[in-house]
Amino acid sequence: MTASSAPSAARDDETLDAIGTADVRVFQRRSGYRFTLDAVLLAHFAATEGRELSGPVLELGAGSGVVSLLLVKQFGVEGPVDALELQPGVHGRLTRAVSLNGCEGQVRPVLGDLRQARTLLASGAYGQVVSNPPFRRAQAGVVSPDEERAVSKSEVACDAEAVVAAARHALRPGGGVSLVYPAARLGEVLGLLTGARLFPRVLRTVHAHVEAPATRFLVQALRDQDRGLSVRPPLIVHGAGPG
């Protein structure tokens with residue numbers, strides 16, 4: 001095996017990047033989609049709010065594997081975590097990252113389309129679903145000419161309704177789904193969740209600064225169980241505020 005093909009080596013068009021405090025490392029294309037703080041916030045939120053959700057975990061749209069690997073290595077989620085990714089090239093980097101991080105068996109890369117969840121995934125097989133899905137509507141703004149960026153950032157291959165439907169299918173009764181979306185889509189996403197009988201249980205908004213408006217929100221919803229909604233203190237990314 002040459003250095004360029006070794007699991008620990010980034011290829012010429014890639015970077016090898018570290019995240020968190022548990023030495024999680026992922027491969028990313030230099031000119032492709034690259035993970036953002038959203039993935040880290042989602043992993044922490046899902047691990048914290050999903051402590052009581054036992055059983056396997058499913059990540060919809062796993063990308064380079066940041067969320068799945070953080071759940072296992074940094075936050076101690078037992079899983080296993082099935083990391084579903086649509087794009088073959090991204091799935092290949094995810095698979096190499098799982099090996100690099102020594103997470104074989106704990107994080108299981110799956111190549112497939114979440115829109116085909118009913119044929120791809122067993123119904124009710126998961127205790128928890130997580131997703132940092134494409135956040136920009138397909139008609140909103142300019143879609144990137146780079147296919148990987150476009151699929152990862154814009155709803156050209158799936159939309160919020162498809163994400164919610166896949167989560168509904170995959171979750172066992174009482175299981176929970178955790179999502180991160182732009183704050184402007186709060187009403188839409190809560191409506192889709194409730195319409196699928198995924199009842200919002202925890203909501204937390206994300207702000208750049210104490211006095212800044214929310215830019216993102218994190219939500220956890222439970223399948224077929226309406227326990228009422230708890231709104232957590234806002235998460236302030238920069239400056240003083242609740243951790």
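Buried means under 20% relative accessible area, exposed means over 50%, and partly exposed lies in between (1.4 Å probe, protein chains only). The model shown here is predicted, so to speak of local features we ask for pLDDT of at least 70, and side-chain atom pairs count only at pLDDT 80 or more, while totals for chains, interfaces and linings use all residues. Residues are numbered from 1 along each chain as its sequence is written, and side-chain values use heavy atoms, with hydrogens and water left out.

**View 1. R108 and D82 meet in a salt bridge.** Here a salt bridge is a side-chain nitrogen of Lys or Arg within 4 Å of a carboxyl oxygen of Asp or Glu. The closest N and O atoms of R108 and D82 are 2.6 Å apart. The pair links distant parts of the chain, with R108 in strand β5 (residues 107-111) and D82 in strand β4 (residues 81-85), 26 residues apart. Helices (H or I, at least four residues) and strands (E, at least two) are DSSP runs, numbered from the N terminus. R108 counts as partly exposed at 37% relative accessibility, whereas D82 is buried at 8%.

**View 2. R216 in strand β9 reaches D38 in helix α1.** These two residues form a salt bridge whose closest N and O atoms are 2.8 Å apart. It joins distant parts of the chain: β9 spans residues 214-223, α1 spans residues 37-49, and the partners sit 178 residues apart. R216 is partly exposed, with a relative accessible area of 21%, and D38 is buried at 10% relative accessibility.

**View 3. E188 and R185 pair up through their side chains.** Their salt bridge has an N to O distance of 2.9 Å. E188 is partly exposed at 29% relative accessibility, while R185 is buried at 3%. Elsewhere, salt bridges that share partners join R168, R197, R223 and D224 into one network. A search of the whole structure finds twelve salt bridges.

**View 4. Helix α2 is mostly covered.** The helix runs over residues 66-73, and seven of its eight residues are buried. Those buried residues are V66, V67, S68, L69, L70, L71 and V72. V67 touches A39, L42, A43, E59 and V130, not counting residues up to four places away in sequence; contact means heavy atoms within 4.5 Å.

**View 5. The largest nonpolar core has 34 residues.** A nonpolar core is a set of buried Ala, Val, Leu, Ile, Met, Phe, Trp, Tyr and Cys residues joined through side-chain atoms within 4.5 Å. The residues with the most contacts inside the largest one are V67, L69, L71, V107 and L218. At least two core residues come from each of β2 (24-29), α1, α2, β4, α3 (88-100) and β8 (198-207). Helix α1 gives the most, with seven residues. A second, separate core of 28 residues includes L60, V163, A196 and V219.

**View 6. V77 lies in the loop between α2 and β4.** This valine is buried, with a relative accessible area of 18%. V77 touches A47, V57, L71 and V72, again leaving out residues up to four places away in sequence. The C-alpha atoms of V77 and R51 are separated by 8.3 Å, and the two residues are 26 residues apart along the chain.
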